[in-house]
Amino acid sequence: MNKILIITHTADNFSIEKVTEYIADNNCEVIRFDVDLYPLENKLSTIFQDGEWISILETPSAKYRLDDISAVWYRRAYNIGKGLKEEMEPKFFGAAMGEIRNTLFGFLESIDAYSLGKPSVYRRLDSKEEQLKLAHKIGLSVPETCLTNNPEEAKKFILKHQNVVAKMQTGFAIYEDGVENVVFTNVVKEDKLEELDSLLYCPMQFQQMIEKKRELRVTIVGRDVYAFEVDSQQFEDAKVDWRKDGVNLLDKWTRTELPKGIEEKLLELLDIYNVDYGAIDIIVSPEDQYYFIEINAAGEFFWLDNLTEGNMISRSIADVLCDKAPRRNNVVLA
């Protein structure tokens, strides 16, 4: 029986269970590695001995060989080392976390099996600049964009385009009194230009504001394309960034079809990155022009999965992991 390793954490959502269910339907076994239990509860060892490499994961309930897995789904790596800070002297914590992350990610990079997601892939896809350049190169429309920490360049861009939004390139959040405040996409007003002087300390991404007829979330698994649309303009808080009012929009998304040319270009983009999963954000203008915004290497899909018959996105993930559907080959030593 083929073994599928899922990298996640204990607080992940039900999508893990649904994919696990479909993996079992494919007569494969799931090994779940919750990284927030590493290293205090989960123990990971890789040993080269007698000419053989062996990797072992020991959890509170079982012990697994990992060197003979057939595929891995690098789903999430949240809260690595949870609880460790309270267990050791503060002066050792930073160095220990460095070793923990290096060991875990080094193991994941070295797995000689198919991988749906990988730390190095996620790091590459963190580059919004590369995404936009590649999308433009293959013929997708992208908003005019300025990435800078130069206040004067930002001001010139804003004055030229008038309607401009500012966004961060990461999951940028500010923590005050233990509360996380996510920085969403916001419109830049001309009367706020002087506030841009703080760019000197932290670069931002500015983009021409595209009027929205519809917003699309396109989830691609292997060669399967699941496109959904929403009218984000029906709620005031969602007009600029639908995530601000995402809860109210959960049941407002509907399945849609992409123009053939757009779908082909999105699949080409995944071919370039050599990945089998991507959650892609697109804006459709009133003139029905499709603007590529970004691709998320591990973007969430569970709320859209619930809108398909039989959780089709989860089934596609399971089929790719179990080699029951076409996939892009990325085995280390293939």
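Predicted model: local features only at pLDDT ≥ 70, side-chain atom pairs only at ≥ 80, totals over all residues.
Local features were considered at pLDDT of at least 70 and side-chain atom pairs at pLDDT 80 or more, whereas totals for chains, interfaces and linings use all residues. Residues are numbered from 1 along each chain as its sequence is written, and side-chain values use heavy atoms, without hydrogens or water.

The chain contains nine helices and 18 strands. Both are DSSP runs numbered from the N terminus (helices: H or I, at least four residues; strands: E, at least two). Along the principal axes, the C-alpha atoms fill a box of roughly 65 × 50 × 35 Å. Of the 334 residues, 47% are buried. Buried denotes under 20% relative accessible area, exposed over 50%, and partly exposed the range in between (1.4 Å probe, protein chains only). The chain exposes about 17,300 Å², of which carbon and sulfur atoms supply 48%. Accessible areas come from the Shrake-Rupley method with a 1.4 Å probe; for residues, only the protein chains shown count as cover. Among contacts (heavy atoms within 4.5 Å) with a separation of 6 or more, 69% join residues 24 or more positions apart.

In soluble globular proteins, nonpolar side chains tend to be buried together. Here a nonpolar core is a set of buried Ala, Val, Leu, Ile, Met, Phe, Trp, Tyr and Cys residues joined through side-chain atoms within 4.5 Å. The largest core has 49 residues. Leu-5, Val-218, Leu-258, Leu-266, Ile-280, Ile-282 and Phe-292 touch the most other members. Helix α7 (residues 260-273) gives the most to this core, with six residues. Another core, of 29 residues, lies apart from it and includes Tyr-22, Val-221, Ala-318 and Ala-325. Leaving aside residues up to four places away in sequence, Leu-258 touches Leu-216, Val-218, Val-225, Ala-227, Glu-263, Leu-266 and Tyr-290.

Helix α4 (residues 128-137) has the buried residues Lys-128, Gln-131, Leu-132, Leu-134 and Ala-135. They cover an arc of only 165° around the axis, so they lie on the same side of α4. The arc is that of the directions from the helix axis to the C-beta atoms. The buried residues pack against α3 (119-125), β8 (145-148), β13 (204-208), α7 and β18 (290-296). Exposed Lys-133, His-136 and Lys-137 sit on the face turned away from the buried side. Gly-139 follows α4 and has a positive phi, near 105°.

A salt bridge places a side-chain nitrogen of Lys or Arg within 4 Å of a carboxyl oxygen of Asp or Glu. By this rule the count is 25. Arg-65 and Asp-67 form one at 2.6 Å, N to O. Arg-65 is partly exposed at 36% relative accessible area, and Asp-67 is partly exposed at 31%. Glu-89 and Lys-91 meet at 3.9 Å, N to O. Glu-89 is partly exposed at 46%, whereas Lys-91 is exposed at 63%. Glu-152 and Lys-155 pair at 3.6 Å, N to O. These two are three residues apart in helix α5 (residues 151-161), so about one helical turn separates them. Glu-152 is partly exposed at 46%, but Lys-155 is buried at 12%. Elsewhere, salt bridges with shared partners join Asp-12, Arg-75, Arg-76 and Glu-300 into one network.
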